[in-house]
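Visitor: I am new to this structure and would like to hear about its pockets. Could you take me through them?

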Amino acid sequence: MNFKTLSLISAVALALPTLGMADPDDDTLVINEEIEMVTKTAAPAHLADAVDEVMSGWHFRSDETQAMQADDFDNPGMMFVEQGVEIWNAVDGSEGKSCASCHGSPEAMAGVRPVYPKWNEAAGEVRTLQMQVNDCRENRMGAKPWKTDKGGSIPMEALLASVSRGLPVNVAIDGPAQATWEMGKELYYTRTGQLELSCANCHEDNYGNMIRADHLSQGQINGFPTYRLKNAKLNGVHSRFKGCVRDTRAETFSPGSPEFVALELYVASRGNGLSVEGPSVRN
């Protein structure tokens, strides 16, 4: 039996709904006993033909992992939020400014995370939150930009997500953003790699099933950046995309690439109506 045949068998096995069922739970997520999260809601209109309900990945995790996210003292991702606060207040660049110089406290940014990725009219492109932060660093602060999912990008995104926890994801996909959204949708449904799997094969067709020891979720990204117990660090969504594509045995795109920007816009829109959870805790 050659490798091609083995790969085909693996692809079929992964796609079958008989992997073992483990339905998502019906628990309620309340952060610090005060911020109640919407973790299940009716699917946005553009998903009407795919799923009836969208669900946070929190529902697919163990009770122990869920509990870690419910309390900021137990959530290891909050260490990165603290780093983000330090970066927010630190003067950097040739203009002698910090983020706080223009924006005041981080809490003033509540409501920003839920609408990203977002069309930027002046730049003529869809921008992720990390891209927009870099624009501020370069053009307002005279500071060097960070690489996607590296350096200060993740702590800053964690901070901006944390002040919006509980607010609904509301990513716009019409108007000038539509072309990028369509590109992301095509990537989501395109089978890739030696295993010939798409994002949809796992996260739309088989969520709720077990794949080896893991519980497949809908792949929602409302909880990013996410602290993964697997690698003991806070992970950005483009890094997670890269890992998923790599797992299909395909050549992957780079974090920050136009392809992953488009995919982030599309996947984020699949979670419209769910609460921002970042930094969340996952396996």
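Guide: The largest pocket has a lining of 47 residues, with His203, Leu216, Arg240, Cys244 and Asp247 lying nearest its centre. A pocket is an open set of points on a 1 Å grid over the protein atoms alone, where a 1.4 Å probe fits, with protein on both sides within 12 Å along at least five of seven lines; lining residues have an atom within 4 Å of a point. This is a predicted model, in which local features need pLDDT of at least 70 and side-chain atom pairs count only at pLDDT 80 or more, while totals for chains, interfaces and linings use all residues. Residues are numbered from 1 along each chain as its sequence is written, and side-chain values use heavy atoms, with hydrogens and water left out.

Visitor: Which element gives the largest share of the lining of the largest pocket?

Guide: Helix 9 does, with six residues. Helices (H or I, at least four residues) and strands (E, at least two) are DSSP runs, numbered from the N terminus.

Visitor: And what volume does the largest pocket have?

Guide: Its volume is about 1200 Å³, meaning the space filled by probe spheres set on the grid points, which are joined across faces, edges and corners.

Visitor: Now the second largest pocket: what is its volume?

Guide: The second largest pocket has about 420 Å³. Among its 19 lining residues, Lys233, Asn235, Ser239, Arg240 and Lys242 are the closest to its centre.
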